[in-house]
Number of protein chains: 2
Amino acid sequence: MSAPLLEQLIDALRVLPGVGQKTAQRMAYHLLEREREGGKRLAGTLAEAVERIGHCAQCRDFSETELCPTCANGSRERSQLCVVESPADRLAIENATGYRGVYFVLQGRLSPLDGIGPRELGLEQLEQRLAEAEVQELIIATSATVEGEATAHYLAQLARARQVRPSRLAQGLPLGGELEYVDRGTLSHAFGTRSEVRD
Amino acid sequence: MSAPLLEQLIDALRVLPGVGQKTAQRMAYHLLEREREGGKRLAGTLAEAVERIGHCAQCRDFSETELCPTCANGSRERSQLCVVESPADRLAIENATGYRGVYFVLQGRLSPLDGIGPRELGLEQLEQRLAEAEVQELIIATSATVEGEATAHYLAQLARARQVRPSRLAQGLPLGGELEYVDRGTLSHAFGTRSEVRD
Ligand SMILES: [Zn+2]
Ligand SMILES: [Zn+2]
């Protein structure tokens, strides 16, 4: 006999980040007591999302279509390519700055100990784009963490090898901080005062 | 044209208690990046739960069946009836104490300003059970909040009118605290040293 449905629900909610037993229980009760309609909508949207959302063939961001809206947008500047670690970082830059170029989403950062190397980050694909001559500046917007800096160093080398000018967001990001959580003003300033990467 | 599926998902996740825009976004990305299987399972379980989980006909707790497992259990003591505000409170008592009686779940507490009166808490149904002569003790386990105390007072009067002895969990609950969040030891002690309610 399977566990009661309520226990199954509490257990299933724990898949959410930062949600332990106690919080999952509170969420389940809340949905059943006060938000059945919202719960139903969440169930339907979630089922559809995990089924239909894949990755953009060009920038690797999440997308329902082969190309995401940004890559499909003919009016975005193709000479600037901004590399970010995650879709959340891309969204943060898009919301905080007036950037009109395009993106490349690594979906991670170099971390040899975790088995994450250039292949896992799609860097072959990135090199191809750098080789297409359109790109003049590679804006490296990885996190100000040790792994983020190592990734940035690697990306700058890739760019130089293709005669593309690498740049890095200005100092101002809090050290050790995740880019996604930086406040809008700081992020916008750092983006605007990015500097060319030199050896 | 409807919003992108990812935005719909982030929006739908905000139905969860304590989840704002930023957390919802983090949850959506986490599910899509690392937990698609778990997300699929959550969607299925949630859809089934909001559809199939109703209320026990006897105690008003959540139940998939007409009677919940506790009410359907012939070996539970019918002479003791414990009244709680919520399913979470019922579960907390069940897990922290050795209580072998049955329950009644108010699904709220008296709050005239919010339009929550005796009818909304199913108190007619409770009175019927008190009239059935089996019940000898009504254990009132409402919260140590102003509204919880007012509810307790009301319940004690109901019990006395039916020659049922009302009791209240012992002092020891932190004042103003929600019963659900009391630590196990305090709750168990307070439950064990409950005292009869006098005028
Ligand atoms: Zn794209
Ligand atoms: Zn029941």
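**Entry 1: where the chains meet**

I started with the contact between the two chains, which takes 45 residues from chain B and 47 residues from chain A. I noted beside it that this is a predicted model. Next I looked up the area buried between chain B and chain A, and found about 4700 Å². Carbon and sulfur atoms give 71% of that area.

**Entry 2: charges and polar pairs**

How many salt bridges does the rule find across the interface of chain B and chain A? I got two. I wrote down one pair: Arg41(B) and Asp11(A) meet through their side chains, 3.6 Å from N to O. I see why this pair qualifies, because the rule asks for a nitrogen of Lys or Arg within 4 Å of a carboxyl oxygen of Asp or Glu.

**Entry 3: chain B's side of the contact**

Which helices of chain B each supply at least two residues to the side that touches chain A? My list reads helix 1 (5-13), helix 2 (21-34), helix 3 (36-52) and helix 5 (87-96). Helix 3 of chain B gives the largest share, 14 residues. I then sorted this side of chain B by residue type: 26 nonpolar, seven polar and twelve charged.

**Entry 4: the zinc ion in chain A**

I turned to the zinc ion (ligand 1) and found Cys56(A), Cys59(A), Cys68(A) and Cys71(A) coordinating it through SG at 2.3 to 2.4 Å. The angles between the four donor atoms run from 104 to 118°, so I call the arrangement tetrahedral. Along the chain, the donors follow the spacing C-x2-C-x8-C-x2-C. Cys56(A) sits in the loop between strand 1 (54-55) and strand 2 (62-63) of chain A, and Cys71(A) sits in helix 4 (residues 69-72) of chain A, so this pair ties together parts 15 residues apart in sequence.

**Entry 5: the zinc ion in chain B**

For the zinc ion (ligand 2), I listed the SG atoms of Cys56(B), Cys59(B), Cys68(B) and Cys71(B) as protein donors, 2.3 Å away. Why is this arrangement tetrahedral? Because the four donor atoms subtend angles of 106 to 118° around the zinc ion (ligand 2).

Technical notes
Residues numbered from 1 in each chain as written. Chains lettered and ligands numbered in written order. Predicted model: local features only at pLDDT ≥ 70, side-chain atom pairs only at ≥ 80, totals over all residues. Heavy atoms only, no water. Contact = heavy atoms within 4.5 Å. Buried area = accessible area lost by both parts, 1.4 Å probe. Helix = DSSP H or I, 4+ residues; strand = E, 2+ residues; numbered from the N terminus. Nonpolar A, V, L, I, M, F, W, Y, C, P; charged D, E, K, R; others polar. Donors = N, O, S within 2.8 Å, 3.2 Å for Na, K, Ca; no water. Tetrahedral: all angles 85-135°; square planar, octahedral: opposite > 155°, others 65-115°.
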